[in-house]
Amino acid sequence: MKTVSRKSTVTRIRPSRQPRGMNASEWEARCELAAAYRLAASLGWSDFLGTHFSLRVPGTGDEFLLNPYGMLFDEMTASALIKVDTEGNKLSESPYEVNRAGFVIHSAVHLGAPEAHCVMHCHTIAGVGVSAQKQGLLPITQMALTAWSEIRYHDYEGVADNEDERVRIVDDLGEGTMMILRNHGTLSVGRNVGEAFARMNRIERACRFQLAALTGGAEPNLIPQEVVDYTAQQGREINNAGRAAGGKLLWSALVRKLDREDPGYRM
């Protein structure tokens with residue numbers, strides 16, 4: 001029987017309008033991050049101008065891309081993203097500035113976690129709602145349990161405009177890949193955009209499910225501890241590689257959808 005080779009279903013974003021003088025790896029990174037902003041807007045993850053996604057510029061250790069303070073998620077384009085360094089210096093031209101709080105949070109993680117190439121921070125209704133609950137995320141749904149072992153917490157210190165907080169953010173994140181910023185919102189990190197996006201999707205949905213389950217003061221159906229521990233271990237595989245390919249499958253599918261419906265992010 002003749003063997004037919006199968007090409008991977010994982011696709012890459014292909015740059016379409018790379019500016020003169022910019023290398024291909026940076027332009028592709030810009031397209032990936034702009035795609036994440038557009039997709040987040042379609043999922044209702046934006047807070048107008050209030051939250052941020054960032055991505056380390058390929059081949060650098062202290063430069064990353066961040067959204068300009070003044071543009072909405074659904075109008076983000078690859079060329080509009082601002083390149084900054086970890087000292088807050090703008091390295092690309094833009095009529096917009098960089099949000100101070102966004103810079104503090106994202107520069108903290110890029111400085112302190114070398115493998116966190118992409119950082120996403122959201123203020124969704126569900127994420128902020130759970131962040132304001134004393135017990136945080138509860139182990140009462142599959143979505144929560146498959147994130148359970150990688151979620152960390154950081155206490156609220158006010159609007160994040162103090163660079164001293166950067167050390168505490170990194171210390172609290174530790175080896176985690178998802179974080180609940182208490183009384184504030186959620187955060188995820190990844191080795192690439194797809195990984196961080198898949199993790200943000202997981203924690204966001206876990207928070208939504210929790211609020212739905214507790215609506216009206218309902219008593220949740222508790223899961224035995226041995227099942228909690230087992231499912232948390234399964235979650236490590238799902239979030240890092242394993243059956244979900246570390247977010248690659250979801251990300252490829254979402255990019256295909258975006259290319260069909262809203263390809264303007266490549267500008």
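Helices (H or I, at least four residues) and strands (E, at least two) are taken here as DSSP runs, numbered from the N terminus. I worked from a predicted model, in which local features need pLDDT of at least 70, side-chain atom pairs count only at pLDDT 80 or more, and totals for chains, interfaces and linings use all residues. Residues are numbered from 1 along each chain as its sequence is written, and side-chain values use heavy atoms, with hydrogens and water left out.

**Entry 1**

I looked up Phe48 in the loop between H1 and strand S1 (52-56). Its phi is near 55 degrees, a positive value in a residue other than glycine. Phe48 counts as exposed because its relative accessibility is 64%.

I then turned to Asn183, in the loop between strand S6 (178-181) and S7. Asn183 also has a positive phi, of about 60 degrees, although it is not a glycine. With a relative accessible area of 46%, Asn183 is partly exposed.

**Entry 2. Nonpolar surface patch**

I noted that Phe48 belongs, with Leu49, Tyr69 and Leu72, to a nonpolar surface patch of about 390 Å². Patches are made of residues with over 30% relative accessible area and no salt bridge; like charges are joined within 9 Å, and nonpolar side chains (Val, Leu, Ile, Met, Phe, Trp, Tyr) within 5 Å. Accessible areas come from the Shrake-Rupley method with a 1.4 Å probe, and for residues only the protein chains shown count as cover.

I placed Leu72 in the loop between strand S2 (63-66) and strand S3 (82-85). Leu72 is partly exposed, at a relative accessible area of 33%. Gly70 also has its place in the loop between S2 and S3, and is partly exposed at 29%. I recorded 30 Å between the C-alpha atoms of Gly70 and Lys248, which are 178 residues apart along the chain.

**Entry 3. Salt bridges**

I counted as a salt bridge any side-chain nitrogen of Lys or Arg within 4 Å of a carboxyl oxygen of Asp or Glu. By this rule there are 12 salt bridges.

The side chains of Glu26 and Arg30 form one of them, at 3.0 Å from N to O. Both residues lie in helix H1 (residues 24-42), four residues apart, about one turn of the helix. Glu26 is buried at 7% relative accessible area, and Arg30 is buried at 2%. I also found Glu26, Arg30 and Lys83 linked in a network of salt bridges.

Which residue forms a salt bridge with Arg38? The partner is Asp262, with the closest N and O atoms 2.8 Å apart. This pair links distant parts of the chain, 224 residues apart: Asp262 is in the segment after helix H8 (248-261), and Arg38 is in helix H1. Asp262 counts as partly exposed at 27% relative accessibility, whereas Arg38 is buried at 9%.

Glu163 and Arg166 also meet through their side chains in a salt bridge, at 3.3 Å from N to O. Glu163 is partly exposed, with a relative accessible area of 33%, while Arg166 counts as buried at 12%.

**Entry 4. Cavity and pocket**

I used a 1 Å grid over the protein atoms alone: a cavity is a set of points where a 1.4 Å probe fits but cannot get out, and a pocket is an open set with protein on both sides within 12 Å along at least five of seven lines; lining residues have an atom within 4 Å of a point. Grid points are joined across faces, edges and corners, and a volume is the space filled by probe spheres set on the points.

My search of the whole structure found one cavity of 30 Å³ or more. The largest cavity has a volume of about 70 Å³. Its lining includes Ile105, His154, Asp155, Arg182 and His184. The lining divides into five nonpolar, three polar and four charged residues, where Ala, Val, Leu, Ile, Met, Phe, Trp, Tyr, Cys and Pro count as nonpolar, Asp, Glu, Lys and Arg as charged, and the others, Gly among them, as polar.

The second largest pocket holds about 280 Å³ of space. Of its 16 lining residues, Glu115, Ala116, Gly176, Thr177 and Val189 are the closest to its centre. Helix H5 (165-173), strand S7 (185-190) and helix H6 (193-213) each supply at least two lining residues. By class, I listed five nonpolar, six polar and five charged residues in this lining.

Terms used: Buried means under 20% relative accessible area, exposed over 50%, partly exposed in between (1.4 Å probe, protein chains only).
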